[in-house]
Amino acid sequence: MQFHHHGYVTHDPLIEPAAGIGLDRPEGLPDEMDVLIVGTGPAGMITAAQLAQFPDVHTRIIERRPQRLEIGQADGIQARSVETFQAFGFANRLIDEAYRITEMCFWGPDPDNPENIVRQSRPADDPHGISEFPHLIVNQARIQDHFAEFMHNSPARMKPDYGWEMLGLSRDDAQEHPVAVELRRTTGPDEGSTRTVRAKYVVGCDGAHSQVRKAIGRKPQGDQAFHAWGVMDVLAVTDFPDIRTKCAIQSSSGGNILHIPREGGYLFRMYVDLGEVSPEDAGAIRKTTVEDTIAKANAIIHPYSLDVKNVAWYSVYEVGHRVTDRFDDVDDGDERTPRVFITGDACHTHSAKAGQGMNVSMQDGFNISWKLGHVLSGLAPESLLRSYSRERQPVAQNLIDFDKEWSTLMAKKSSEFEDPAFLADFYVKTAEFPAGFMTEYDSTPLTGGAEFQQLAAGFPLGKRFKSAPVVRVADAVPLHLGHHARADGRWRIYVFADAPAAGAADSKLASWADWMAGDAASPLRVHTPAGADPDAIFDVKVVYQQAHHEFEVTSVPEVFRPKVGPYELIDQEKVFATAPQDTHESDRHLAGDIFAMREISRDGAVVIVRPDQYVSAVLPLDRPELVGEHFAPLLHRV
């Protein structure tokens, strides 16, 4: 964390100085705003949190509830989400609070006594080391609390406007704020009253029954699986030995359970199989009582038993798989700029078995938020917004396809599997997808061509930037390169040096740095606003092949040591060296040569990463002009 560069700070450094709208933020919901976010679920809160880093953008987020969420339905936090939380500054706090999944136990009928269940296998949760971040379980409400804290500490000083429900919206492009939104008050002395506000853009994060989606005429497409599950968060006394381990349990009777321990050491969640549902059921299955579900759970886990003492939350749901036909309000061939966007459950609904709902929803919000921030700050053309639906809709479809397969397997009877180990094997083989790392954006202006991909094969274009260990040269601190990035709306340009050491005359890196610092076509000169810090838009970092003690940080080109803040202090924390191969056991995760680990050419490479952590381009070190050409269609000239 960096601070003091604007003067000595004695308060909590996570509280950034107020700026822009944050200096005089209207207390009540105003009549006009730049962005109106509808819904304070995970997708809405991450959207608001990212936009709070753009203080010149007036963003409001409304919620029909009168106050913060207390009990959330989602609880699975995949590694990709924890990686995202790192950028928002609260990953470590959440890890300390959450339940951590390290392995998953698979139970099935005892071959010698089929009415009983026995443990069949217990594979590691991440046997292939997909991520350095853990798989967590924690109440959705706590995630939203952390985003609320981040947005309130951000320059825009944002906070939710509770007690407002959206009734409908309309669009008139002749207006400066084209989207008129009709609202109704849901709490307080004026409950029931209505009013209309206007926004330049609206983001619907209002769930599976989204009013925003209905208002723009988008429709969910897909099917109903006609299989029901009772889900309960409970405190219970039990002799089941894996009560504090994630489990998939299959019984000989055909009933199944997905068991998930919760944070705090005592609470756990069970998804209990209630069986197939007739098309003529008309919702009757949803009247299944918690007592009936507990009885079904006891039958499934025989010879073990549950004595439930307290039910914190209970619901019955039927699995459906649907993807909305488009995630914005313009059709193919419509040249207008999208003005209304939908995210999360408004776009895609599926089972909870793969733990993807909240995780994919947050990536929807992360995707659209930085783009809105760039457009409304004057950094990027409005055409950037057309990429949101184009990028996120295929991700949602892939999620639905995976979830159909996984939820179908979870609902099968154990006798239907030829191999009893099939379910466990599937879990291990497909681990990268539910962990959140299979998203890969197709080639667009945001994702460059693959001509130079071989220069950094370990950073695939369109996929998230997979971090690796380095050593910060200025203070010899070992860290993960990607963990140094923050959700501040900036682009990252990672420059991997060629073989010569810092200061060498024959270095390609030196020539690249000279061009980046001084050429008229450099994006630092073309796209950085006048008067702003030189790294206001582009966070340019360098990684050398040498060890940190083999050169001085002062010999590194100045483009990697920018002068920032009113005192023009030198930022010394953008220069890195390769990490040692061998370290103390406690630092084993910080060992390894990033060039070898990520297959980076020893002739050097440039890796450009979007504000939402996805690789945008891989370019050669000896053609610096390609960096400028990459950004030309993405950002405005200043």
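Tutor: The answer below begins with the core and then turns to the elements and aromatic pairs.

This is a predicted model, in which local features need pLDDT of at least 70 and side-chain atom pairs count only at pLDDT 80 or more, while totals for chains, interfaces and linings use all residues. Residues are numbered from 1 along each chain as its sequence is written, and side-chain values use heavy atoms, with hydrogens and water left out.

Buried means under 20% relative accessible area, exposed over 50%, and partly exposed in between, with a 1.4 Å probe and protein chains only. In soluble globular proteins, nonpolar side chains tend to be buried together.

Helices (H or I, at least four residues) and strands (E, at least two) are DSSP runs, numbered from the N terminus. Because 20 of the 20 residues of α7 are buried, this helix is largely enclosed by the rest of the structure. From its first C-alpha to its last, α7 reaches 29 Å with its 20 residues, close to the expected 28 Å; the expected span is 1.5 Å times one less than the number of residues. Gly 378, whose phi is positive, near 80°, follows α7.

Leaving aside residues up to four places away in sequence, Phe 496 touches Phe 459, Leu 481, Val 543, Ile 594, Phe 595, Ile 600, Gly 604, Ala 605, Val 607 and Leu 621, where contact means heavy atoms within 4.5 Å.

Aromatic pairs come next. Rings of Phe, Tyr and Trp (its six-membered ring) pair if their centres lie within 6.5 Å; planes under 30 degrees apart count as stacked, over 60 as edge-to-face and the rest as tilted. The count comes to 23 aromatic pairs. In one of them, Trp 107 and Phe 240 are tilted, at 4.9 Å centre to centre with 50° between the planes. This pair links distant parts of the chain, 133 residues apart: Trp 107 is in strand β5 (104–110), and Phe 240 is in the loop between β12 (220–238) and β13 (246–250). Trp 107 and Phe 240 are buried. Phe 496 and Phe 595 form an edge-to-face pair, 5.8 Å centre to centre and 85° between the planes. Phe 496 lies in strand β21 (491–496) and Phe 595 in helix α12 (594–597), so the pair ties together parts that are 99 residues apart in sequence. Both Phe 496 and Phe 595 are buried.

The last elements are two strands, which pair if DSSP finds at least two bridges between them. Strand β26 (605–609) and β27 pair in the antiparallel sense over 4 bridges, and Val 609 stands opposite Val 615 in β27. The two strands form a hairpin with 5 residues between them, and Gln 613 in the turn has a positive phi of about 80°. All 5 of the 5 residues of β27 (615–619) are buried, so this strand is largely enclosed by the rest of the structure.
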